[in-house]
Amino acid sequence: MIALAAATHRPSNVVNVVGAYAIRVDLECNRYVVATNTAHGLSDEPDSSGTWVVRFFRSDIAGASDELLTEATHPWLIDAFDIAMGILAAEGNKLVADADFGDISSEVSDSADLEGLTGSS
């Protein structure tokens, strides 16, 4: 749960979805992520070797059913999340948000005032 919150820069919650529990993170543009580690919801059994399923949905304010945008599976939660993000981008549904979902740039801006941060002049 903490890993998904860290990856999305949003709070994550455990929710009841049609009688099964899942991790949910609400995003911008009426989109949200639901993650489970078994086909029947979340399991805290140490022996369950379930695969994580990550699904991105778009909710409809008008009351229609939520639209499944993509789904990905992987033994590791964050890898399933990354795969789903890649599918979204490939299909032209990339999340444009105030949070930068993993697009980390190694470039440092020339305009950064590093001297001001270190106290040197």
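Residues are numbered from 1 along each chain as its sequence is written, and side-chain values use heavy atoms, with hydrogens and water left out. This is a predicted model, in which local features need pLDDT of at least 70 and side-chain atom pairs count only at pLDDT 80 or more, while totals for chains, interfaces and linings use all residues. Here pLDDT is the predictor's confidence in each residue, from 0 to 100.

D60 sits in the loop between β4 and β5. With a relative accessible area of 36%, D60 is partly exposed; buried means under 20%, exposed over 50%, and partly exposed in between (1.4 Å probe, protein chains only). Although D60 and N30 are 30 residues apart in sequence, their C-alpha atoms are 7.2 Å apart in space.

Now step back to the whole chain. The protein has three helices and five strands, and along the sequence they follow the pattern α-β-β-β-β-β-α-α. Helices (H or I, at least four residues) and strands (E, at least two) are DSSP runs, numbered from the N terminus. Of the protein's 121 residues, 31% count as buried.

On one hand, β4 pairs with strand β3 (residues 31–36) in the antiparallel sense over six bridges, and A35 has V54 as its bridge partner in β4. On the other, seven bridges join β4 to strand β5 (residues 67–74), again antiparallel, with F57 opposite L68 in β5. Two strands pair if DSSP finds at least two bridges between them.

What is the volume of the largest pocket? The answer is about 200 Å³. Of the 14 residues that line this pocket, the closest to its centre are V17, A22, V34, T36 and R55. The elements giving two or more residues to the lining are β2 (20–26), β3 and β4.

Finally, a word on confidence. The protein averages a pLDDT of 76, and 74% of the residues score at least 70. Over residues 103–118 the pLDDT is below 50, and this stretch has three contacts in the model beyond near neighbours in sequence. Where pLDDT is low, the predicted coordinates should not be read in detail.

How values were computed. On a 1 Å grid over the protein atoms alone, a cavity is a set of points where a 1.4 Å probe fits but cannot get out, and a pocket is an open set with protein on both sides within 12 Å along at least five of seven lines; lining residues have an atom within 4 Å of a point. Grid points are joined across faces, edges and corners, and a volume is the space filled by probe spheres set on the points. Contact means heavy atoms within 4.5 Å.
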